[in-house]
Amino acid sequence: MAQKTSLSLELFASGYCVAHAAVANPKEGRGKTSFYAVWALLHLPDLGYVMFDTGYSPEFIRATESFPARFYRWMTPMFLKEGETAAQILAQKGIAPEAIRYIILSHFHGDHLAGLKDFPEAQFLCSANAWAEVQALSGFKAVKKGILHGLLPPDFADRVQTIEAFADASYTNEADLTVYTLFQQTAFRLVRLEGHARGMLGFIFEQDDQKIFFGTDASWAYDTYRAGILPRRVVKLFFDSWADFVETQAKIRRFEAANPEFQVLFTHCPQTLTRIRHGL
C-alpha cells in the first residue's frame, strides 16, 4: 500500500451488542436494538496512524468467560462477524498492526477497547481519572463500571500515557467543554465528556468540508439527544455521574448551536452507522 501523505479520518464498526431499545429511548423504544461498536482511524502526515477506540474482538468472549465478568456478556451479548475486527479491517486496507502508533481510549468499557491486544506496538492514551479508576477497581466493582481488566494487554501500564500529560495544550471552549490539542496540529482535538464513564473522551475533527463532533457515548442516538430524551435511569447503575451526563449533553448542544456546520455523531447511533455504510 502506498504511504498516505494527507490528513484523513475514517470511521468503522467492529461488532455490536444488543439491548432493550427502551433503555436508550424510554418514550419510543420497542423491542431490542443494536449498539454498533464504532471506532475511528486518523492519519497524520508527520506521525502516521492513530486509532480512536477499537470496537469488539473475540477477546471480549475470552475476557468474559468467568464470573463476575460473565455478567457483562449477559447484559450486553456481543455479535461479531469474521473479518470485522479492527485488525482485520486494517489488514484489508493494507495497514499492519505495527503501523498504529497510538490508540486513544475514549473510556474503558469493553465495546470500545476489546481489540487492544491486536496492536502490540501501539502506545495508549486516556484520561488520568479513567486510568486511576481502572487501577482502583477490581472484581464485581470493576465489572459494574464496565471495566474488564482481561481486555488490557499485560504491558498496558508501561504503554499508557494520560492525555493530561501528553497533550500539547488544553483550553475551555465556548461551550464550556475542555479541549486538548495534541500531535502538534489542530485539525483533530480531543474533548472531555464526563458522565457516561469517568474521564470519557470524544473528539473534534475539521478538515476542509469534513467537520465532525464525535460525542462517543454522551448519547446513544442523535435523535434522542436532539429531543432531550434521556435513557432510563436504570443506567445510573453503571454511569459515572448522571448529573454530569445531563450537563455534557447541554454543552454539546451549545457547541452545535455555535458551530452548525459540524455534524454531531455518537459511537452507537444508527446515523453514524449509516454514514459508515455510505462511505461518507
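Let's start with one term: a residue is called buried when its relative accessible area is under 20%. Keep that cut-off in your head, because Tyr102 has a relative accessible area of 13% and so counts as buried. Oh, and before I go on, please remember that what you see here is a predicted model.

Tyr102 has a partner, so let's talk about rings. There are 30 aromatic pairs in this structure. A pair of aromatic rings is described by the distance of the centres and the angle of the planes. Take Tyr102 and Phe183: their ring centres are 5.3 Å apart and the planes make an angle of 45 degrees, so this pair is tilted. Where do the two residues sit? Tyr102 belongs to strand E5, residues 100-104, while Phe183 is in the loop between strand E9 (178-182) and strand E10 (185-192), so the pair ties together parts that are 81 residues apart in sequence. Is Phe183 buried or exposed? Its relative accessibility is 15%, and Phe183 counts as buried.

Here is another pair for you to find on the screen. Tyr225 and Phe266 are edge-to-face, with 5.3 Å from centre to centre and 65 degrees between the planes. Tyr225 is part of helix H10, and Phe266 lies in the loop between strand E13 (263-265) and H12, so this pair ties together parts that are 41 residues apart in sequence. Both partners are buried: Tyr225 has 1% relative accessibility, and Phe266 has a relative accessible area of 0%.

Rings can also gather in groups. Phe35, Trp220, Phe238, Phe239, Trp242 and Phe245 make up one aromatic cluster. And a ring can meet a charge: the charged end of Arg277 sits over the ring of Tyr36, at 5.6 Å from the ring's centre.

Rolling a probe the size of a water molecule over the atoms shows where empty space is left.

The largest pocket has a volume of about 830 Å³. Its lining has 29 residues, and the closest to the pocket's centre are Tyr72, Met75, Thr76, Val235 and Phe238. By class, the lining has 18 nonpolar, six polar and five charged residues.

The second largest pocket holds about 280 Å³ of space. Of its 19 lining residues, Ala24, Asn25, Ala221, Thr224 and Pro270 are the closest to the centre. Helix H1 (21-24), E2, helix H10 (222-227) and helix H12 (270-277) each supply at least two residues here. Which of them gives the most? That is H10, with four residues. The lining is made of ten nonpolar, seven polar and two charged residues.

Last stop: the cavities. The structure has three cavities of 30 Å³ or more. The largest cavity holds about 50 Å³, and its lining includes His107, Phe108, His109 and Glu133. That lining splits into four nonpolar, two polar and three charged residues.

The second largest cavity has about 40 Å³ of space. How many charged residues are in its lining? There are no charged ones, with five nonpolar and three polar residues.

Notes:
Residues numbered from 1 in each chain as written. Predicted model: local features only at pLDDT ≥ 70, side-chain atom pairs only at ≥ 80, totals over all residues. Heavy atoms only, no water. 1 Å grid on protein atoms, 1.4 Å probe; cavity = no way out; pocket = protein on both sides within 12 Å on 5 of 7 lines; lining within 4 Å. Points joined across faces, edges and corners; volume = space filled by probe spheres on them. Nonpolar A, V, L, I, M, F, W, Y, C, P; charged D, E, K, R; others polar. Phe/Tyr/Trp six-rings, centres within 6.5 Å; stacked < 30°, edge-to-face > 60°. Buried < 20%, exposed > 50% of the residue type's maximum accessible area, 1.4 Å probe, protein only. Lys NZ or Arg CZ within 6 Å of the ring centre and 35° of its normal.
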